Amino acid sequence: MISRRAFIGGLAGGLLAAPLAAEAQAPSMPRVGVLSPGKPPPDDAFRQREHFEAGLRELGWTVGSSIVVDYRYADGNLDRLPALATELVRIPVNVIVARGLTIRAAREATATIPIVMAADPDPGGNITGLSTLAPDLEAKQLELLREALPSLSRVGVLANANSPSTEETARLEAATRPLHLALTESRINRSEQLAPAFAAMKQAGVGALLFRYDLWFIDPKQVAALARQHRLPTMHNLRQFVEAGALVSYGVDFAYLHRRVANYVDKVLKGAKAADLPVEQPTKFELVINLKTAKVLGLTIPQSLLQRADEIIQ
């Protein structure tokens, strides 16, 4: 747990008021708004909806019977986020679940409806929920790459061109020095730029690619296909890439994280003030290795690394 800043305002009036009618009605069900920068199922690599609703069920909520969940997806178009956040406020919802780049849009749309953070590298301002702040994560990913590929001398890093870079690049460079690794960085902001980035990295002599957490718009299957084409091992923070055919992932267990988000929503709907709920740092990480891909790439993964894997895909 880490301390958090005061939330602006509290829960906006508990359960929503019943709709106007000639006769008195029972209060309507509580409503949760979920704002996502990506695509709806089945194309959401985070599987947010699946895991969030599973968490709600574990707490006794039934979507459609005891709670309403309104989803809004930007489908990769970040310019849509402010309008989508405003839609949720106008419904209105009792609480907004926001993730990553959507948090700012949610905060700008309301100063009264609580915002529960589903996943974000930096808790920041006036929200509560689950953080993915793990400053040492990429250093650990580099260590794992070095262990899997003892002869690795240059690693490529792919990141989102729209994300802040100075501090993160400096942290990565610091992590490569004790491993005696050279670093080549490339930044993209559209999936169409992925294939040229792979080709450029291969030409630059990199021996493996590390994908930053902020590349939410890329297709895991496309990544796996390009990795096979260029014979480049790739490291990711999401297991979905390894399931699609990439080599290895090490990162926050997002299935667990999105289930935990349901706990925060449950507490807010039952009267807890968001300002009193501490932001949680990630505590559960998972290592997933695709042995089939290793064979295709002609790699032998050390037994010491396989023994530490949470899952091995044969």
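On a 1 Å grid over the protein atoms alone, a cavity is a set of points where a 1.4 Å probe fits but cannot get out, while a pocket is an open set with protein on both sides within 12 Å along at least five of seven lines, and lining residues have an atom within 4 Å of a point. The model is predicted, with pLDDT of at least 70 needed for local features and 80 or more for side-chain atom pairs, whereas totals for chains, interfaces and linings use all residues. Residues are numbered from 1 along each chain as its sequence is written, and side-chain values use heavy atoms, leaving out hydrogens and water.

**View 1. The largest cavity and its lining.** The space in this cavity comes to about 40 Å³, a volume being the space filled by probe spheres set on grid points that are joined across faces, edges and corners. Among the residues lining the largest cavity are Leu144, Leu145, Ala148, Met235 and Ile301, and the largest share, 3 residues, comes from helix α4 (residues 137-148). The lining of the largest cavity divides into 9 nonpolar residues, with no polar and no charged ones.

**View 2. The second largest pocket.** About 560 Å³ of space lies in this pocket, which is lined by 28 residues, with Asp43, Ala45, Ile218, Asp219 and Pro220 nearest its centre.

**View 3. Helices at the second largest pocket.** At least two lining residues are supplied by each of α7 (220-230) and α8 (239-244), and α8 gives the largest share, 4 residues; helices here are DSSP runs of H or I with at least four residues.

Definitions and conventions
Ala, Val, Leu, Ile, Met, Phe, Trp, Tyr, Cys and Pro count as nonpolar, Asp, Glu, Lys and Arg as charged, and the others, Gly among them, as polar.
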